[in-house]
Amino acid sequence: VLEERNDLITNFFTPEKEIVFFENQEDCLEKIIFYLNNDKLRSEICNNAKDKLLRKYSSEMFWHNIID
């Protein structure tokens, strides 16, 4: 997950583990190229984000938190 730097999202995802931030267009392009050339690391970050999203922010968890 590649996202423009946003302090709010760090409440939900861990930088460099579940999300990658960029500062500007140039930084974004550099990171796109880097992660396109680093499949293993890219997949690891994507899987970490997906796992956390499904574990903590799924619709099932949403309704579970509302009902409880």
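Predicted model: local features only at pLDDT ≥ 70, side-chain atom pairs only at ≥ 80, totals over all residues.
**Notebook: a look through the chain**

I began with the order of elements: along the sequence the chain reads β-β-α-α-α.

Confidence came next. I found a mean pLDDT of 91 for the chain, with 100% of its residues at 70 or more. Which elements have the highest and the lowest mean pLDDT? Helix α1, residues 25-36, has the highest at 98, while helix α3, residues 59-67, has the lowest at 75. I'll keep that value for helix α3 in mind when I look at residues 59-67.

Then I turned to overall shape. For the extent of the C-alpha trace, I wrote down about 45 × 25 × 15 Å along the principal axes of the chain.

On to burial and surface. How much of the chain is buried? I noted 21% of the 68 residues, counting a residue as buried when its relative accessible area is under 20%. The accessible surface comes to about 5,400 Å², and carbon and sulfur atoms account for 55% of that surface.

I also checked how contacts run along the sequence. Taking those between residues at least 6 apart, I found that 40% join residues at least 24 apart.

Last, the charges. I have 9 positive and 14 negative ones in my notes for the chain. How far apart are their mean positions? The mean position of the positive charges and that of the negative charges are 7 Å apart.

Terms used
Residues numbered from 1 in each chain as written. Heavy atoms only, no water. Helix = DSSP H or I, 4+ residues; strand = E, 2+ residues; numbered from the N terminus. Buried < 20%, exposed > 50% of the residue type's maximum accessible area, 1.4 Å probe, protein only. Contact = heavy atoms within 4.5 Å. Areas by Shrake-Rupley, 256 points an atom, 1.4 Å probe, with all protein chains shown as cover. Lys, Arg positive; Asp, Glu negative; His and termini not counted. Charge placed at Lys NZ, Arg CZ, Asp CG, Glu CD. pLDDT = per-residue confidence, 0-100.
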